[in-house]
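Biologist: Got a minute to walk me through the pockets and the packing in this one? I'd like to take it piece by piece.

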Amino acid sequence: MLAYIGLGSNLNHPKKQIKNALIALNSTKGIKVDGLSNMYQSKPIDGSKQPDYINAMCQVDTHLTALELLHVCQDIEIKQHRVREKKWSARTIDLDIIIYGMQVIVSRQLIIPHPKMMNRAFVLVPLAEIEPNFKVPVLGPIQNLIDKLDTTELVKL
């Protein structure tokens with residue numbers, strides 16, 4: 001199954017945090033990182049005073065279920081000292097499953113496609129870099145979604 005995972009960090013050397021998370025993903029049995037976008041710099045979503053974020057997107061090939069993949073992502077966050085103080089607070093690493101095959105999943109633990117992806121240039125632009133003609137389940141062509149967003153503050157690194 002092909003899945004797309006968004007990676008983000010704005011604490012403790014964000015680029016290194018993202019690289020370490022990618023290594024951890026690729027080192028996990030049943031997961032192979034097959035594609036990777038460039039890194040992008042973006043402002044915090046809530047406009048709070050915290051460092052800018054560094055974001056990227058990776059494509060993984062996995063035989064894990066979506067929930068198993070979620071648990072792997074959460075374990076990596078814990079190992080990289082992610083602290084969940086409040087929503088949208090600064091973090092060492094954030095791993096979000098954005099897409100899992102062409103599945104639509106709605107459960108208490110996981111919603112896929114990611115419910116906020118259509119509002120986030122730092123998710124859509126890197127995803128389109130990996131899959132330019134991608135059709136997001138339920139939402140449609142990725143370029144149509146990007147065209148609705150302001151991408152001017154997103155900086156490709």
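Predicted model: local features only at pLDDT ≥ 70, side-chain atom pairs only at ≥ 80, totals over all residues.

Biologist: How much space lies in the second largest pocket?

Modeller: Its lining is made of 13 residues, and S42, A121, F122, D150 and E153 are the ones nearest its centre. The space in this second largest pocket comes to about 270 Å³.

Biologist: And how much space lies in the largest pocket?

Modeller: That pocket has 34 residues in its lining, with R91, D94, D96, H114 and R120 nearest the centre. By class, the lining splits into 16 nonpolar, seven polar and eleven charged residues. The space inside the largest pocket is about 840 Å³.

Biologist: Which element gives the largest share of the lining of the largest pocket?

Modeller: The elements giving two or more residues to that lining are β1 (2-9), β4 (53-62), α2 (66-79), β5 (94-100) and α3 (121-130). The largest share is five residues, and the element they come from is β5.

Biologist: Let's zoom in on H114. Is H114 buried or exposed?

Modeller: H114 sits in the loop between β7 (111-112) and α3. Leaving out residues up to four places away in sequence, H114 touches D96, I97, I98 and R120. The cut-off for buried is under 20% relative accessible area. H114 has 15% relative accessibility, so H114 counts as buried.

Biologist: Now the packing. Which element gives the most to the largest nonpolar core?

Modeller: This core has 27 residues, and I5, I18, L25, L69, L95 and Y100 touch the most other members. Two or more residues come from each of β1, α1 (14-26), β4, α2 and β5. The most, six residues, come from α2.

Biologist: Which residues does L95 touch, not counting those up to four places away in sequence?

Modeller: L95 is one of the residues that touch the most other members of the largest nonpolar core. As a general point, nonpolar side chains tend to be buried together in soluble globular proteins. With residues up to four places away in sequence left out, L95 touches I5, G6, L7, A21, C73, I76 and E77.

Methods
Residues numbered from 1 in each chain as written. Heavy atoms only, no water. 1 Å grid on protein atoms, 1.4 Å probe; cavity = no way out; pocket = protein on both sides within 12 Å on 5 of 7 lines; lining within 4 Å. Points joined across faces, edges and corners; volume = space filled by probe spheres on them. Helix = DSSP H or I, 4+ residues; strand = E, 2+ residues; numbered from the N terminus. Nonpolar A, V, L, I, M, F, W, Y, C, P; charged D, E, K, R; others polar. Buried < 20%, exposed > 50% of the residue type's maximum accessible area, 1.4 Å probe, protein only. Contact = heavy atoms within 4.5 Å. Core = buried A, V, L, I, M, F, W, Y, C linked by side-chain atoms within 4.5 Å.
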